[in-house]
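Here's a walk through some local features of this model, one region at a time. Keep the viewer open and click along.

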Amino acid sequence: MAKEKSFNDRLTAWALKRLDGIFAILRCIKPTVVIKGNAVVTRFEDVTEVLNRDWIFQVPYAEKMHKVTNGSNFFLGMENTAQYTRDVSNMRIAARREDIDEIIKPFVDRTSTEILRNTTGRMDVIQQLTRVVPTRLMGEYFGTPGWNETEFADAATIMFQYLFYPDDPEVEEKALKAAEQTRNYLDQTIAERKTNPSEKDDVLGRCLKLQQAGMPGMADIDIRNNLIGLIIGAIPTTSKCAAVTLNHLFNNPELLVQAQQAARADDDEKMIQFVQESLRLNPFAAGIQRICAEDYVVAKGTLRSTKIPKGAKVLAATQSAMMDRRKIEKPKEFRLDRPAHNYMHFGFGLHTCFGQYINLTQIPGIVKAVLKQDTLRRVSDMVVEEPFPVSLEIEFDN
Ligand code: HEM
């Protein structure tokens, strides 16, 4: 038994290192593969078809979400139900699009710049910056700074790994402890804000105002569930995306120079394109998981049509879709003029990332602050402890 597991582990590790090549072959010869109850969908058109049919390809996260929240669900774990609409709508009232320019962008720019200014010219950009800025944003904007900055970011990271990566008893044990600590912290924070109401206009404060106004779905426990989901979604993801973008630029010195010019010119639109393209070539994840709720034929009426059986675990391979030359022009080239619809970093369809606009401000903002430093250089290769990068040492003159 143990022997078989280690063979599977080695096979998985082998395949993960060669995913781009494997996906390229599949897109040509068998765009949707079904093996032993697992399906992988690789072409752009088919990935969007799967993610658009949310009533057939359903989210698989509810069971683990219940454990994290201690008995409830969070909207990423829900089907397209009335409760899903209620919870997302409530949180969209509390976390508004106009906050991006008014609160989030200035905060990210200021915080990143200050952190860089206060270092002595050498730093681990992941431990000291890319994890820190989104964690502080949780404090400033969401109203939940955590009981301790490092432990709060660690808790979000391990819960993320538990929810979205294959089962691992060790990860589960740590994640459930972290979940309990985070729930207790949130209960206490919500209770304190209610006892000592503050004038601070943040997401938690707005949730409590909605509660006072009698808005359904805004009881303390609902606010806690919504916040725990947002904390998990926001911290490790942002850190990884910013680190991976910087690492890609360090790997490509000509691009690094161009990106530094854009950063110094505060060309934010170009910074977004640098991030989007770096992530397309170094994606956050191979794809998005779904469970097939009924027999379904993908790409029906074409030569590649394939039946996915009810109950199959499906990977909608966004990494592969973003390299599909049928939709993406010269996909291997790094280009700064691709249209936004070429990218699927933040998902597609019903569950598209709640933070998608925050991401396109926060990640470029962190990256830009680093790129503005003089004589910037990478000291050593980025260290990754799957699934997250943990260290990227840089030097600069300040
Ligand atoms: C920065 C990098 C980020 C990446 C790469 C990312 C990626 C994603 C992806 C791929 C999904 C879709 C999951 C699925 O369909 O199964 C998603 C959903 C979600 N993300 Fe993000 N995310 C990021 C940041 C954030 C931030 C900053 C927040 C919170 C402010 C957030 C909150 C959420 C939530 C709540 C959902 C579920 C949306 C729904 O069910 O309607 N994410 N994210």
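## The loop with a cis proline

Proline 387 sits in the loop between strand E10 (383–385) and strand E11 (388–391). Helices (H or I, at least four residues) and strands (E, at least two) are DSSP runs here, numbered from the N terminus. The peptide bond joining glutamate 386 and proline 387 is cis, with omega at about 5 degrees.

A word on the ground rules: this is a predicted model, where local features need pLDDT of at least 70 and side-chain atom pairs count only at pLDDT 80 or more, while totals for chains, interfaces and linings use all residues. Residue numbers start from 1 along each chain as its sequence is written.

## Two helices with buried residues

Take helix H5 (residues 82–94). Its 13 residues should span 18 Å at 1.5 Å a residue, and the end C-alpha atoms are 19 Å apart, which agrees; the expected span is 1.5 Å times one less than the number of residues. Which residues of H5 are buried? They are Asp87, Asn90, Met91 and Ala94. "Buried" means 20 or more other C-beta atoms within 10 Å of the residue's own, "exposed" means 12 or fewer, and "partly exposed" is in between, with C-beta atoms placed from the backbone. Seen down the axis of H5, the buried residues fall within an arc of 90 degrees, so they line one face of the helix; that arc is taken from the directions from the helix axis to the C-beta atoms. They pack against helix H11 (203–212) and helix H12 (220–251), while Ala82 and Arg92 are exposed on the other side of H5.

Now look at helix H16 (residues 356–371). Its 16 residues should span 22 Å at 1.5 Å a residue, and its end C-alpha atoms are 22 Å apart, so the two values agree. With 14 of its 16 residues buried, H16 is largely enclosed by the rest of the structure.

## H13 against H14

Helix H13 (residues 253–264) and helix H14 (residues 268–281) have axes that come within 8 Å and cross at roughly 145 degrees. Axes are lines fitted to C-alpha atoms, for helices over the stretch in contact, and angles run from 0 to 180 degrees between N-to-C directions. On the H13 side, Ala259, Ala262 and Ala263 meet Lys270, Met271 and Phe274 of H14; contact means C-beta atoms, placed from the backbone, within 7 Å.

The loop between H13 and H14 holds aspartate 266. Its phi is near 50 degrees, a positive value in a residue other than glycine. Aspartate 266 has 11 C-beta neighbours inside 10 Å, so it counts as exposed.

Asparagine 70 is in the loop between helix H4 (62–69) and H5. Its phi is near 65 degrees, again positive in a residue other than glycine. Is asparagine 70 buried, exposed or partly exposed? With 14 C-beta neighbours inside 10 Å, asparagine 70 counts as partly exposed.

## Partners from elsewhere in the sequence

Valine 132 belongs to helix H8 (residues 132–142) and is buried, with 21 other C-beta atoms within 10 Å. Not counting residues up to four places away in sequence, valine 132 touches Ile115 and Glu149. Valine 132 and alanine 153 are 21 residues apart in sequence and 7.9 Å apart in space, C-alpha to C-alpha.

Arginine 326 is in the loop between helix H15 (318–321) and H16, and with 11 C-beta neighbours inside 10 Å it counts as exposed. Arginine 326 and glutamate 45 are 281 residues apart in sequence and 8.9 Å apart in space, C-alpha to C-alpha. Leaving aside neighbours within four places in sequence, arginine 326 is in contact with Arg43 and Phe44.

Methods:
Two residues are in contact if their C-beta atoms, placed from the backbone, lie within 7 Å.
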